[in-house]
Amino acid sequence: MTELVASLSTRELVEDLIPKLKATEHFLSDTLTVKLQNCYEPREKLRLKNLKTEFELELTMIRMNLDHLLRRYSDELVAAMDDPEGKGGVLLALDEHEAVAIESIRRLYARSHALQTDSGGSAHE
């Protein structure tokens with residue numbers, strides 16, 4: 001199992017992880033939905049439905065914990081966004097649930113990217 005991170009910079013959160021989360025959400029709402037609609041093979045359709053449900057559940061958990069993190073550190077994040085030099089050096093201490101959510105963003109992004117580049121293969125770990 002991957003070791004969870006205990007802290008995260010505001011820059012990494014804003015410039016790396018949130019865009020990855022958005023890209024994963026886009027994949028789910030667009031690419032995976034279209035693949036599902038255009039699939040006529042029953043086993044593959046079931047696999048895609050299960051994958052979509054799995055992604056949706058994981059994204060719900062991520063959103064809840066990310067929302068918690070953003071509320072806890074709202075002042076620090078606003079300050080980082082207003083930093084004209086873009087240092088983003090503030091480290092955000094993550095609780096256990098937030099750390100799992102951060103790791104889940106990375107993992108789901110990698111899986112969605114693999115599914116997009118592998119037209120027919122499975123992206124299970």
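This report describes the secondary structure, nonpolar core and helix packing of a predicted model.

## Basis of the model

Because the model is predicted, local features require pLDDT of at least 70 and side-chain atom pairs count only at pLDDT 80 or more, whereas totals for chains, interfaces and linings use all residues. Residues are numbered from 1 along each chain as its sequence is written, and side-chain values use heavy atoms, with hydrogens and water left out.

## Overall architecture

The protein chain has four helices and two strands, arranged from the N terminus as β-α-α-α-β-α. Helices (H or I, at least four residues) and strands (E, at least two) are DSSP runs, numbered from the N terminus.

Of the 125 residues in the protein chain, 35% are buried; buried means under 20% relative accessible area, exposed over 50%, and partly exposed in between, with a 1.4 Å probe and protein chains only. Among contacts (heavy atoms within 4.5 Å) between residues at least 6 apart in sequence, 78% join residues at least 24 apart.

## Nonpolar core

The largest nonpolar core contains 25 residues, and those with the most contacts inside it are Leu13, Phe55, Leu66, Leu69, Ile102 and Ile105. Two or more residues of this core come from each of α1 (10-37), α2 (42-72) and α4 (96-117). Such a core is a set of buried Ala, Val, Leu, Ile, Met, Phe, Trp, Tyr and Cys residues joined through side-chain atoms within 4.5 Å.

Leu13 touches, among others, Leu66, Leu69 and Ile102, not counting residues up to four places away in sequence.

## Packing of α1 with α4

Helices α1 and α4 pack at an angle of about 45°, with their axes 9 Å apart. Axes are lines fitted to C-alpha atoms, for helices over the stretch in contact, and angles run from 0 to 180 degrees between N-to-C directions. The arrangement of α1 is therefore oblique to α4; angles under 35 degrees count as roughly parallel, over 145 as roughly antiparallel, 65 to 115 as roughly perpendicular and the rest as oblique.

Residues in the contact include Leu13, Leu17 and Phe27 of α1 and Ile102, Ile105 and Tyr109 of α4. By class, this contact has ten nonpolar, four polar and four charged residues, where Ala, Val, Leu, Ile, Met, Phe, Trp, Tyr, Cys and Pro count as nonpolar, Asp, Glu, Lys and Arg as charged, and the others, Gly among them, as polar.

## Packing of α2 with α3

Helix α2 packs with α3 (residues 74-82) at an angle of about 75°, with their axes 4 Å apart. The two helices α2 and α3 are therefore roughly perpendicular to each other. Leu70, Arg71 and Arg72 of α2 meet Ser74, Glu76 and Leu77 of α3, giving two nonpolar, one polar and three charged residues.
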